[in-house]
Amino acid sequence: MKTRQLGALTVAELGLGCMGMSDFYGARDDVQSTDVINRAIDSGVTMFDTADMYGIGANEELLGKALGTRRDQVIVATKFGNVRAADGALLGVDGRPEYVRSACDDSLQRLGMDYIDLYYQHRVDADTPIEDTIGAMAELVAAGKVRYLGMSEAAPATIRRAHAVHPITALQTEYSLWSREPEGELLDTVRELGIGFVAYSPLGRGFLTGNYTDPNALADDDWRRSHPRFTGDNLEANKAIAETVREISTEVGCTSAQLAIAWVLAQGNDIVPIPGTKRAKYLDENLAAADIVLSDETLTRLDEAFPLGVTQGDRYISMNTVNR
């Protein structure tokens with residue numbers, strides 16, 4: 001697999017999002033997920049994305065155990081900041097320096113590792129100056145516990161303030177055919193500063209594959225059942241999006257998922273999509289998207305078919321913690 005640069009960090013052009021293996025998207029199967037993680041390494045994937053909130057720590061534990069002796073072959077990215085109770089309830093966002101330090105130590109313990117390659121602030125804490133949070137993260141770099149720093153869902157002005165304290169290697173934000181909000185000031189800012197962009201949910205949480213236009217296709221405990229874009233009138237309006245992806249992918253000669261990922265890859269060599277899956281067949285399908293080169297004609301058609309604002313519904317039930 002080809003590589004791309006996230007700031008000073010070199011990674012394969014596609015990463016693997018591990019969240020759904022432990023939380024939000026139905027039942028867990030750690031044996032199956034472990035196989036997928038190792039299959040991804042065998043296929044050339046180098047960056048694996050997790051967070052302390054996924055499964056309330058269970059996802060970090062899963063990834064650490066799955067990597068085992070292969071730790072040195074990969075880039076481990078995890079996050080802190082979203083605080084959850086034991087029952088899974090979201091308690092808020094915490095960016096206080098003392099929390100940064102304790103969260104990192106807890107993540108290292110769950111991962112069973114001595115250092116984290118890329119450590120993200122998962123969400124910006126509106127009650128803590130970003131300089132204080134990034135300052136504490138910089139101390140982790142100096143201590144050898146973290147190699148590179150990242151941010152997630154941060155606003156351009158916040159990114160500039162953070163980068164002035166310590167170099168930010170990557171910004172992770174949702175980006176796909178139906179979530180094009182990063183285009184413009186956000187992408188311009190990270191490119192000006194030499195920060196790489198990690199695109200999470202490049203498949204629109206699976207919607208762009210066409211597999212979940214029927215809500216009955218989702219497990220009863222699947223978080224997407226309450227997602228604004230997967231419910232009610234929004235769902236009915238968004239079905240046309242999945243159908244357009246299907247039509248164009250058929251003409252290109254690939255699957256809907258591959259078209260969606262190939263489009264994100266085509267938006268710049270500084271963008272690394274991290275599609276998530278817990279099934280080997282979908283992993284193989286997603287990774288094959290790296291071999292698809294979309295023509296200028298197809299890219300223009302996709303741009304025209306999926307302008308900013310085409311999607312009905314917000315990206316989250318509450319948008320209060322994004323773009324801060």
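Residues are numbered from 1 along each chain as its sequence is written, and side-chain values use heavy atoms, with hydrogens and water left out. Because the model is predicted, local features need pLDDT of at least 70 and side-chain atom pairs count only at pLDDT 80 or more, while totals for chains, interfaces and linings use all residues.

View 1. Strand E8 spans residues 116–121; helices (H or I, at least four residues) and strands (E, at least two) are DSSP runs, numbered from the N terminus. In E8, 6 of 6 residues are buried, meaning under 20% relative accessible area with a 1.4 Å probe, protein chains only. Two strands pair if DSSP finds at least two bridges between them. E8 runs parallel to strand E5 (residues 75–80), joined by 4 bridges, and Thr-78 stands opposite Tyr-119. Strand E9 (residues 146–152) also pairs with E8 in the parallel sense, over 5 bridges; here Leu-118 has Tyr-148 as its bridge partner.

**View 2. Ser-107 in helix H3.** Look for Ser-107 in H3, residues 97–111. Ser-107 counts as buried because its relative accessibility is 0%. Leaving aside residues up to four places away in sequence, Ser-107 touches Asp-52, Glu-60, Thr-78, Ile-116 and Tyr-119 (contact means heavy atoms within 4.5 Å).

View 3. In H5 (residues 156–165), Pro-156, Thr-158, Ile-159 and Ala-162 are buried. They lie on the same side of H5 because they cover an arc of only 155° around the axis, taken from the directions from the helix axis to the C-beta atoms. The face turned away from this buried side carries Ala-157 and Ala-164, which are exposed (over 50% relative accessible area).
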